Structure formats: structure tokens, C-alpha cells
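Subject: Handover of a structure for your review

Dear colleague,

Please find below the structure that I am handing over to you. My notes on what was found in it follow directly after.

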Amino acid sequence: METVIVDFPAVGLTGRVVVVTGASSGIGAATARGLHGAGTHPVLVARRAERLEQLSAELGGAVAVPVDVTDPAAAQRVVTAALERHGRLDGLVNNAGVSLHGSLLDTDLDPYSEVLRLNVVALLGLMQAVVPAMRAAGFGRIVNVSSGTTTRFAPPGARGLCLQQGGGEHARLQHPPRPATPRTAHRAGGRRP
Ligand SMILES: NC(=O)c1ccc[n+]([C@@H]2O[C@H](COP(=O)([O-])OP(=O)(O)OC[C@H]3O[C@@H](n4cnc5c(N)ncnc54)[C@H](OP(=O)(O)O)[C@@H]3O)[C@@H](O)[C@H]2O)c1
């Protein structure tokens with residue numbers, strides 16, 4: 001049972017067409033439901049076709065595009081499906097993503113590369129694919145879902161290697177105790193020099 005609830009103000013969303021990646025689960029499914037409830041036509045994207053079909057049936061026959069977004073051809077398929085059904089494309093919620101947890105020394109490069117391909121490369125490819133349609137229409141909005149872990153220090157005692165979705169790679173390596181330096185003083189209420 002999914003408990004995520006996303007509410008959108010109804011203003012300005014009616015009739016819009018918004019691609020939601022990762023719509024088969026979690027935040028993406030909740031976002032698609034929220035958009036539909038606000039009068040928007042969500043375009044559902046993920047790999048698990050049966051889940052997308054179920055959600056499509058729940059949301060009045062929303063377009064479902066079962067693709068792996070790391071496939072270089074996927075982004076254009078998504079745009080084509082949206083334009084064929086609705087003739088327009090107003091928004092993209094780049095939400096499909098995964099986390100990879102592990103210590104610096106234990107993290108294998110192959111799965112790490114897969115995370116980069118999904119969380120960063122595919123996200124850029126989708127943006128590149130939707131922008132021409134948005135430019136042609138003179139309107140467009142893109143939301144890239146990221147993570148709070150990209151803006152936090154790793155907890156004391158932990159070492160954190162953190163990939164920032166949509167903004168490139170962001171790595172931190174931290175050893176306890178956390179050092180106080182002029183650069184970090186502002187976090188404790190001081191002023192950045
Ligand atoms: N939940 C949190 O607390 C949290 C915190 C920080 C950041 N986030 C970010 O929020 C986003 C959604 O997270 P969530 O918790 O809702 O995760 P989730 O329930 O695991 O959903 C992930 C979605 O991504 C899709 N996906 C994964 N790989 C894909 C691929 N190669 N091609 C197409 N779709 C793919 C999955 O669908 P299929 O398996 O059907 O393809 C699924 O719909 C992620 O980007 C995650 O990093 C979540």
C-alpha cells in the first residue's frame with residue numbers, strides 16, 4: 001500500500017500534458033495521481049508495463065510508455081507518444097532514479113556507472129528530448145527530483161559518497177570528528193568570511 005500523497009494547486013494545470021518518469025511506483029505514481037486530480041494529462045513512464053497499465057486505467061486511460069529511460073531511444077519515444085495522443089507537451093517530472101548504498105571501498109564501479117546512467121545521463125537525455133516541443137509551444141516546465149542527501153553532510157562516523165541527480169556528480173568523503181574551518185563556521189551561526 002502506497003502512502004505518498006501529492007497535492008497540486010488546480011490553478012494553471014488544467015489540460016496540461018506532463019511526462020512523469022518512474023510512474024510505476026512511489027513518488028512518481030503519487031505525482032501522476034496528483035497531476036491527474038488537478039486536471040493534467042500525465043504521461044506515465046517506467047519499465048514495468050503492467051503497473052503502468054493499472055495506473056493508466058485508474059487515471060482515465062493516461063498514456064503509458066513502458067521504456068527503460070537509460071535506453072538512448074527511450075526519450076524520443078516518450079515525446080512521440082505524448083505528442084501523438086495530446087499534440088502538446090507542457091512538463092516533465094524527471095523522477096525515475098535509484099540509490100546505491102555502500103562504503104567507498106566496497107562500491108563496485110559497474111553498478112555505480114548504472115546509477116549515473118539512470119540518475120544523470122537519462123535525465124539529461126529526457127530534458128533534451130522535451131525542450132524542442134516546449135520551445136515550439138512557448139511554454140514548459142521541468143522538475144528534476146533529487147535527494148536531500150545531496151545537500152547534507154554524512155552523519156558523524158560515516159563516510160558518504162553522494163550522487164546528486166540532475167546536477168552532476170557530487171562526492172563527499174568525511175572523517176570524524178567533523179573539522180571546524182572558516183568555511184563551515186557559518187553553519188554554526190557564524191559568518192562566511
Ligand atoms: N523516497 C524517498 O525517500 C526518496 C529520497 C530521496 C530521493 N528520492 C528520489 O525520488 C525518486 C523516486 O523515488 P521513490 O522512492 O518513489 O522510488 P521507487 O518507488 O523505487 O520508484 C522508482 C521509480 O523509478 C523507475 N525506474 C527505475 N529505473 C528505471 C529505468 N531504468 N527506466 C525507467 N524507469 C525506471 C521505477 O520503475 P520500474 O522499476 O517499473 O522501471 C519506479 O517507478 C528517485 O529518483 C529517488 O532517488 C526518493
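Predicted model: local features only at pLDDT ≥ 70, side-chain atom pairs only at ≥ 80, totals over all residues.

Residues are numbered from 1 along each chain as its sequence is written.

Overall fold

The secondary structure comes to 4 helices and 5 strands. Helices (H or I, at least four residues) and strands (E, at least two) are DSSP runs, numbered from the N terminus. Read along the sequence, they follow the pattern β-α-β-α-β-α-β-α-β. Of the 193 residues in the protein, 27% are buried. A residue is buried if 20 or more other C-beta atoms lie within 10 Å of its own, exposed if 12 or fewer, and partly exposed in between, with C-beta atoms placed from the backbone. Two residues are in contact if their C-beta atoms, placed from the backbone, lie within 7 Å. Among contacts with a separation of 6 or more, 55% join residues 24 or more positions apart.

The nonpolar core

The largest nonpolar core has 34 residues, and those with the most contacts inside it are Val-19, Val-20, Ala-23, Val-43, Leu-44, Val-45 and Val-78. β1, α1, β2 (41–46), α2 (49–58), β3 (64–66), α3, β4 and α4 each supply at least two residues of this core. Its largest share, 5 residues, comes from α3. Such a core is a set of buried Ala, Val, Leu, Ile, Met, Phe, Trp, Tyr and Cys residues joined through C-beta atoms within 7 Å.

Val-19 lies in strand β1. Why does Val-19 count as buried? Val-19 counts as buried because it has 28 C-beta neighbours inside 10 Å. Not counting residues up to four places away in sequence, Val-19 touches Val-43, Val-45, Val-78, Ala-82, Leu-89, Gly-91, Leu-92, Val-93 and Val-130. The C-alpha atoms of Val-19 and Val-43 are 4.5 Å apart, although 24 residues separate the two along the chain.

Ala-82 belongs to helix α3 and counts as buried, with 25 C-beta neighbours inside 10 Å. With residues up to four places away in sequence left out, Ala-82 touches Val-17, Val-19, Val-43, Val-63 and Leu-89. From Ala-82 to Val-63, 19 residues apart along the chain, the C-alpha separation is 7.2 Å.

Helix α1

The 12 residues of α1 should span 16 Å at 1.5 Å a residue, and this agrees with the 17 Å between its end C-alpha atoms. The expected span of a helix is 1.5 Å times one less than its number of residues. The buried residues of α1 are Gly-28, Ala-29, Thr-31, Ala-32, Arg-33, Leu-35 and His-36. Their cover includes β1, β2, α2 and β4. Arg-33 is buried, with 21 other C-beta atoms within 10 Å. Arg-33 and Ser-56 are 23 residues apart in sequence and 9.8 Å apart in space, C-alpha to C-alpha. Just after α1, Gly-39 takes a positive phi of about 90 degrees.

Helix α4

The buried residues of α4 are Asn-119, Ala-122, Leu-123, Gly-125, Leu-126 and Val-130. What covers them includes β1 (17–21), α3 (74–86), β4 (91–94) and β5 (141–144). Arg-135, also found in α4, counts as exposed, with 10 C-beta neighbours inside 10 Å. Just after α4, Gly-138 takes a positive phi of about 75 degrees.

Yours sincerely
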